[in-house]
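Please read it alongside the sequence and coordinates shown below.

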Amino acid sequence: MTDASINASTVQQGDAEFGDYFALLKPRVMSLVVFTALVGLLAAPVGVHPVIGFSAILFIAIGGGASGALNMWWDADIDQVMKRTKSRPIPAGKVEPGEALSLGLALSGLSVIMLALATNVFAGAFLAFTIFFYVVIYTMWLKRATPQNIVIGGAAGAFPPVIGWIAATGSMAVEPWLMFALTFMWTPPHFWALALFMRSDYDDAGVPMLTVTHGRRSTRKHILIYTALLALLAVGTAFSGVGGPIYLVVALVLNALFLHGAWKISRRDEDDSEADNFKVERSFFKLSLLYLFLHFGAILAEAVLKPYGLGGW
């Protein structure tokens, strides 16, 4: 990919506003990064000074935003083809590709160095690895090379709670990897549901999403299989060091709803979906957003209440 391939001539110098540069950081994705990293940090078995904790989350957020900017720089050619992304700053002609690249690189270096200084070198190094994984492994390689792009690449979005835990403790443990696994297994059914009703976007852009390479019928079966595996993992996490009765109730209810939604999707044919504009698939996708937030919210509740003898087992 080259800057010249992005219709750079349509970019008007000086038209970009602060909001355009902020949009490069993918604030919606950043909000998930911040929340899961915060849960990882607070669920750790050690206390963290509020200033250090705030600094850790801030620099993790900046690192997540840097990844988003670099992702938009590299994917600008396909972003301008897809309906869902054509209004992003670069394809919309608000920001030049080179500016996005410079911003992403600068924020990457800043976030890694400052996180290492504010917490520990291990946390800084792990943030650097996460940025590398998302930008190079997922964005530059997997996304356009294999229908397993979301499965493997989902690891990038699953690392923040591990970074938060390491920022607090300076070490690894089983619990943050359970939080990692929760996000990792959630990512495929979440994005495949989106791909079911946005398939034309991926077709037009030439992205080998599962719906494009294997068809919607296969994708529906994959959603059900991954959702079933996710449910086992999610409920099992209730009996770990970050679980407890609050989390267990949340996990049981949400996974019953999620499994029911995945089952309904697996039973649908294309005529049904086209007739109601993918109503069931869209509903499952919306539930998936709530699913992850409430699971991590339950982990947070267990961590906050544990010192008072109300959380955990």
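From which domains does the lining of the second largest pocket draw at least three residues each? That lining draws at least three residues from each of domain 1 (18-172) and domain 2 (173-312), the bounds coming from an automatic or database domain assignment. The model is predicted, with local features requiring pLDDT of at least 70 and side-chain atom pairs pLDDT 80 or more, whereas totals for chains, interfaces and linings use all residues. Residues are numbered from 1 along each chain as its sequence is written, and side-chain values use heavy atoms, with hydrogens and water left out.

**Domains**
- The centres of domain 1 and domain 2, taken over C-alpha atoms, are separated by 21 Å.
- In domain 1, 32 residues are in contact with 34 residues of domain 2 (heavy atoms within 4.5 Å).
- The two domains bury about 2800 Å² between them, 80% of it on carbon and sulfur atoms; this is the accessible area (1.4 Å probe) lost on putting the two parts together, summed over both.

**Second largest pocket**
- The volume of this pocket is about 300 Å³, being the space filled by probe spheres set on grid points joined across faces, edges and corners.
- A pocket is an open set of points, on a 1 Å grid over the protein atoms alone, where a 1.4 Å probe fits, with protein on both sides within 12 Å along at least five of seven lines; lining residues have an atom within 4 Å of a point.
- Of its 20 lining residues, Leu-41, Leu-42, Ala-43, Ala-44 and Val-46 are the closest to the centre.
- Two or more lining residues come from each of helix H2 (27-43), helix H3 (50-74) and helix H15 (279-305); helices are DSSP runs (H or I, at least four residues), numbered from the N terminus.

**Helix H8**
- Nine of the ten residues of helix H8 (residues 160-169) are buried, so this helix is largely enclosed by the rest of the structure.
- Buried means under 20% relative accessible area, exposed over 50%, and partly exposed in between (1.4 Å probe, protein chains only).
- Among the buried residues of H8 are Trp-165 and Ile-166.
- Gly-170, which follows H8, has a positive phi near 75 degrees.

- Lys-26 has a positive phi of about 50 degrees and lies in the loop between helix H1 (18-23) and H2.
- Lys-26 is buried, with a relative accessible area of 13%.
- Phe-278, in the loop between helix H14 (270-275) and H15, has a positive phi near 60 degrees.
- Phe-278 is buried, at 5% relative accessible area.
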